[in-house]
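Notebook open, model loaded. I want to go through a few spots one by one and write down what I find.

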Amino acid sequence: MKILHVNQSDTSGGAAIAGYRLHQGLLEQGIDSKMLVGNVKTDSDRIVAVPRKPRTENLLNRFTRYSGLNYINLLSSFDIPNHKFYQDADILNFHNLHAGYFNYLAVSKLTKTKPAIFTLHDMWSFTGHCAYSYDCDRWKIGCGKCPYPDTYPAICHDSTLIEWKLKNWIYGKSNLTIVTLSHWLTEQAKASMLNRFPIYHIPNGIDTDTYQPLDRHLCKAVLGIPQDKRVLLFGAESLKDKRKGGDLLLNALRQLPISLKAEILLLTFGNGSEAITAELGIPTIGLGYISSDRLKSIAYSAADLFIFPTRADNLPLVLQESMACGTPMVSFDIGGVPDLVRPMVTGYLAKPEDAKDFCNGIVTLLEDDQLRQNMSVNCRAIAIAEYSLELQAERYIKLYKEILL
């Protein structure tokens, strides 16, 4: 069985990392897996960039961009059937299609002779432009009058009604099976234009050998953290991203009791950490963007808590990584977060946008060593039982076979 993944990148970004991990998991189980991606970061003959027509596409973008219709200038997507990776594949697996390398209007052509799984890493596939709609549900009725045109991927003009209709039209001519990562996104997909297709729930997998609990004292020493400090860890690809809630985190940390602040050190990884740490009155260490799984595992293992004040998310990889390392979590009750942060089992789930409740979660867990220890055991056990890379690969292989029958 030969699988071809189409994704924004191999390792740049959360959806890319998730797709790459699935690719590796399939290879380990003897499946012939390859990737066509927008941005290649690794060196492998199984991963190549999607062929592009930059001159023509950039010229077209001058017009399509201002129409508010993202990505329809990318004519090269219609040439993918000429690529050997495509011709050799038995089945396609789409991932993130909205990072400026792929034209969604090509989906019907690509699935005309080969079936495809569309793994949803966010809501973009069924909205008029946005990856997360927050409190807007106009995607259920056709979009238009968009309240969040600046939300990623931003639009210069409100053509969300047209983009919604274009997606709906293309899906009507496509051969797709939908995979969602969280229970929340499963329900969203069932209420969307994608409900014409079979919908399966398969969470992302994680390498539980690479991400595992390490000696906390040793990890602190490696990172130069005093042994007497309680460590709060915050990480995201971009800490300046409003969706990740850096402002809510600052608000919550300011409300911590003074006595507790004196015991805390904030550890961060991700781009833009200086903007977060500069405003705090507690010691901080910013590790910058980390691509190394080993170094991230050290950071999680050094932490007493992983704190993640996200405003909108599907099944965040950082929470899975924290779980696998046995580090309890504090986050908000939004999107697919409750799949991972289970109240008083693996962490504390605060009310959305409520910095005071988020602060209360940090205090509650930091002041109860036995509770944190129990949660740490639960985190590791759940990661192994429900989110191993082997289990994810097995679930996908079973689904690929069912579709190809």
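Before I list any neighbours: by contact I mean heavy atoms within 4.5 Å. Also for the record, I am looking at a predicted model.

**Entry 1: Tyr 104**

I started with Tyr 104, which sits in the loop between β4 (91-94) and α4 (107-110). What does Tyr 104 touch, not counting residues up to four places away in sequence? I got Asn 70, Ile 72, Trp 124, Glu 163, Leu 166, Lys 167 and Ile 170. I then checked the spacing to one of these, Asn 70: 34 residues apart in sequence, and 9.6 Å from C-alpha to C-alpha.

Is Tyr 104 buried or exposed? Its relative accessibility is 3%, and the cut-off for buried is under 20%, so I put Tyr 104 down as buried.

Next I looked at charged pairs. How many salt bridges does the structure hold? The count came out at 20. I opened a few of them.

Arg 21 and Asp 293 meet through their side chains at 3.7 Å, N to O. This pair links distant parts of the chain, with Arg 21 in helix α1 (residues 14-28) and Asp 293 in helix α11 (residues 293-302), 272 residues apart. I compared the accessibility of the two ends: Arg 21 is buried at 6%, whereas Asp 293 is partly exposed at 32%.

Arg 21 also has a salt bridge to Glu 321, at 2.8 Å from N to O. Glu 321 belongs to helix α12 (residues 317-324) and Arg 21 to helix α1, so this bridge ties together parts that are 300 residues apart in sequence. Here both Glu 321 and Arg 21 are buried.

I then went to another pair, Asp 304 and Arg 216, whose side chains form a salt bridge at 3.5 Å, N to O. Asp 304 is in the loop between α11 and β11 (305-308) and Arg 216 is in helix α7 (residues 216-223), so parts 88 residues apart in sequence get tied together. Asp 304 counts as buried at 7%, while Arg 216 is partly exposed at 31%.

On to the strands. I traced an open sheet of 7 strands, with parallel pairing and the order β3-β2-β1-β4-β5-β6-β7. Its edge strands are β3 (47-49) and β7, each pairing on one side only. Ignoring direction, neighbouring strands are turned by 25° against each other on average. Helix α1, the one that carries Arg 21, packs on this sheet and touches β1 (2-9), β2 (32-39), β3 and β4. The direction of α1 makes about 160° with that of β1.

Why do I call β6 largely enclosed by the rest of the structure? Because 5 of its 5 residues are buried.

Strand β5 (residues 116-120) pairs with β6 in the parallel sense over 5 bridges, with Thr 119 partnered by Val 179. β5, helix α5 (residues 160-171) and β6 make a right-handed β-α-β unit.

β6 also pairs in the parallel sense with strand β7 (residues 199-201), over 3 bridges. Val 179 has Tyr 200 as its bridge partner in β7. The chain gets from β6 to β7 through helix α6 (residues 183-190), in a β-α-β crossover that is right-handed. Another bridge I noted between these strands pairs Ile 178 with Ile 199.

**Entry 2: helix α6**

Last stop, the crossover helix. Which residues of α6 are buried? I found Leu 185, Thr 186, Gln 188 and Ala 189. They sit on the same side of α6, because they cover an arc of only 165° around the axis. What covers them includes β5, β6 and β7.

Methods. Residues are numbered from 1 along each chain as its sequence is written. This is a predicted model: local features need pLDDT of at least 70, side-chain atom pairs count only at pLDDT 80 or more; totals for chains, interfaces and linings use all residues. Side-chain values use heavy atoms; hydrogens and water are left out. Helices (H or I, at least four residues) and strands (E, at least two) are DSSP runs, numbered from the N terminus. Buried means under 20% relative accessible area, exposed over 50%, partly exposed in between (1.4 Å probe, protein chains only). A salt bridge is a side-chain nitrogen of Lys or Arg within 4 Å of a carboxyl oxygen of Asp or Glu. Two strands pair if DSSP finds at least two bridges between them. A crossover is right-handed if, with the strands pointing away from the viewer, the path from the first strand over the helix to the second runs clockwise. Axes are lines fitted to C-alpha atoms, for helices over the stretch in contact, and angles run from 0 to 180 degrees between N-to-C directions. The arc is that of the directions from the helix axis to the C-beta atoms.
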